[in-house]
Amino acid sequence: MMREVPMRYVKANQVGIVAFVLLSFFFNQPLLLGILWMIQVVGLASAGKLNLFVRIAKLFIKETGTETQAAELQRFNNVLAVLFLTLALATAAFGWDIAAYAFSVMLLLAASAALLGYCIGCTVYFWYKQFRAGRKIGGI
């Protein structure tokens, strides 16, 4: 049986990502990206159980609806978020501000698109699974 994650927790994590990235831009503070990186890494390492955004959502969002996302897909998306945050922080540490902003914007756009109903990470995951299965993707 495949493990599922309630969408309200997936959305809470996405809102947290969007908020932290926007705040880091607004205050010109990469430290906020570092805090976001820690939240995502802890959440990834604990299979979401210790994700700060999910824990906060559990306090305020009631158990309604049955929409879920596969835990495997949620984990893949979290890995992508950690990857983009790592690249943003690493490039910022080297003083490559344009690259740092680019990686941050990519994460912001992906999380924002997911909140609006289109999961870019899900599409990448599908392509990855197709590639692993040896199938051609869209005539490629």
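This report describes selected features of a predicted model.

The structure holds 7 aromatic pairs. One of them is formed by Phe76 and Tyr128. A pair of aromatic rings is described by the distance of the centres and the angle of the planes. For Phe76 and Tyr128, the centres are 6.1 Å apart and the planes make an angle of 25 degrees. The pair is classed as stacked, because planes under 30 degrees apart count as stacked. Phe76 lies in helix α4, residues 71-93, and Tyr128 lies in helix α6, residues 120-132, so the pair ties together parts that are 52 residues apart in sequence. Phe76 counts as buried, at 19% relative accessibility, whereas Tyr128 is partly exposed, with a relative accessible area of 36%. Phe76 and Tyr128 also belong to one aromatic cluster with Tyr125.

The charged pair is a salt bridge between the side chains of Lys129 and Glu72, with a distance of 3.4 Å from N to O. Lys129 lies in helix α6 and Glu72 in helix α4, so this pair ties together parts that are 57 residues apart in sequence. Both partners are partly exposed: Lys129 has a relative accessible area of 37%, and Glu72 has one of 40%. The count for the structure comes to 1 salt bridge.

Arg8 is found in helix α1, which covers residues 7-26. Is Arg8 buried or exposed? Its relative accessible area is 15%, so Arg8 is buried, because buried means under 20%. Leaving out residues up to four places away in sequence, Arg8 touches Ile61, Lys62, Glu63, Thr64 and Gly65.

Arg8 also has a place beside an aromatic ring. The charged end of Arg8 sits over the ring of Tyr9, 4.9 Å from its centre. Lys58 lies over the face of Tyr9 too, at 5.4 Å from the ring centre.

## A nonpolar surface patch

Which residues make the nonpolar surface patch of about 510 Å²? They are Leu52, Ile56, Leu59, Phe60 and Ile61. One of them, Ile61, is also among the residues that Arg8 touches.

Leu52 is found in helix α3, which covers residues 52-60. Leu52 is partly exposed, with a relative accessible area of 41%.

Ala70 lies in strand β2, which covers residues 68-70. At 17% relative accessibility, Ala70 counts as buried.

Ala70 and Val5 are 65 residues apart in sequence, and their C-alpha atoms are 6.1 Å apart in space. Ala70 touches Met2, Arg3 and Glu4, when residues up to four places away in sequence are not counted.

## Leu32 and helix α2

Leu32 has its place in helix α2. Leu32 is buried, with a relative accessible area of 19%.

With neighbours within four places in sequence left aside, Leu32 is in contact with Phe20, Leu23, Ser24 and Phe27. Leu32 and Leu22 are 10 residues apart in sequence, and the distance between them in space is 9.5 Å, C-alpha to C-alpha.

## Two residues with positive phi

Where does Asn28 lie? Asn28 is in the loop between α1 and α2, and helix α2 covers residues 30-45. Asn28 has a positive phi of about 50 degrees, although Asn28 is not a glycine. Asn28 is exposed, with a relative accessible area of 52%.

Ala47 is found in the loop between α2 and α3. Phi of Ala47 is near 55 degrees, again a positive value in a residue other than glycine. Ala47 is partly exposed, with a relative accessible area of 43%.

Key
Residues numbered from 1 in each chain as written. Predicted model: local features only at pLDDT ≥ 70, side-chain atom pairs only at ≥ 80, totals over all residues. Heavy atoms only, no water. Patch = residues over 30% accessible without salt bridge, like charges linked within 9 Å, V, L, I, M, F, W, Y side chains within 5 Å. Areas by Shrake-Rupley, 256 points an atom, 1.4 Å probe, with all protein chains shown as cover. Salt bridge = Lys/Arg side-chain N within 4 Å of Asp/Glu carboxyl O. Helix = DSSP H or I, 4+ residues; strand = E, 2+ residues; numbered from the N terminus. Buried < 20%, exposed > 50% of the residue type's maximum accessible area, 1.4 Å probe, protein only. Contact = heavy atoms within 4.5 Å. Phe/Tyr/Trp six-rings, centres within 6.5 Å; stacked < 30°, edge-to-face > 60°. Lys NZ or Arg CZ within 6 Å of the ring centre and 35° of its normal.
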